[in-house]
Amino acid sequence: MTKSPRGGGEKPGQLSLAFPEREPAFEDLLVTSVNEGAIGVLRQPDSWPFPVICVVGPRRSGLTALAKAWSREFDGRYVSAKKLSKMKAKKLTALGGGYVAVDDADKVSREETLLTLINAAAAEGGHVLLTSRQGAGVWRVESADLQSRLNALPVLEIDEPDEETFKARLEAAAARYFMKLEADITKYLFPRLELTYEAIEIFVERLSERVTLTGRAPSVPLAREVLEELGWADPDQKSLF
């Protein structure tokens, strides 16, 4: 029985041991069956059917890391939706001639900036990567011109994790907190955690806090305690540990 990541917004007072990470590169990305298709297309922007492409994925699926890695790979620019909204036409036209990744593009508050960037990329031969949690065709926009452009954009999808991705993402998340999860812990968690990136990240963050607070190493009993604390434990499932 899996559990939804309810209560994920709660923030315990204990400090975690995560440290700032360096900017991600393509070779750092975790590639599995759920994202290899999208990453394969992004590696070859000259083969894109249109100079602008949209990548969509669930919450905490790594879209920001992907956008940063892509812009770094092609010596381009990474821009947040907030920053893009403040840019003038001249700057947008210049950006459109190169490689630029716009994160959370559906949250750009000034529609004309996004339209200008898309048009500039088409006119200047640039490449624009837009990330969002939903396809560009369903974004709420008022501009008919922008809506037309968005409807025509190719969309790449990153799916929720399968078993392979669950295990790899769980281990990668733990490593960011300098924790190693033994195989018995991953085996214990797989049928109990919901197969979402958000559930994985919430669990690992809370596990790190428990390790710091108690001084205990990651273990199945500690993992069970964290699940119970989060309200995700299945009372009908008897533990073998």
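This is a predicted model: local features need pLDDT of at least 70, side-chain atom pairs count only at pLDDT 80 or more; totals for chains, interfaces and linings use all residues.
Residues are numbered from 1 along each chain as its sequence is written, and side-chain values use heavy atoms, with hydrogens and water left out.

Let me begin with strand β4, residues 127-132, where strands (E, at least two residues) and helices (H or I, at least four) are DSSP runs numbered from the N terminus. Six of its six residues are buried, so β4 is largely enclosed by the rest of the structure; buried here means under 20% relative accessible area, exposed over 50%, and partly exposed in between, with a 1.4 Å probe and protein chains only. H127, L129 and T131 point one way from β4, whereas V128, L130 and S132 point the other way.

Which strands pair with β4? Strand β1, residues 52-56, pairs with β4 in the parallel sense over five bridges, pairing being called when DSSP finds at least two bridges between two strands, and I53 stands opposite L129. Strand β3, residues 99-103, also runs parallel to β4 and is joined to it by four bridges, with V100 opposite V128.

Turning to the rings, the structure holds five aromatic pairs, meaning Phe, Tyr or Trp rings (for Trp the six-membered one) with centres within 6.5 Å, counted as stacked if the planes are under 30 degrees apart, edge-to-face if over 60, and tilted otherwise. F166 and F190 form an edge-to-face pair, 5.4 Å centre to centre with 70° between the planes.
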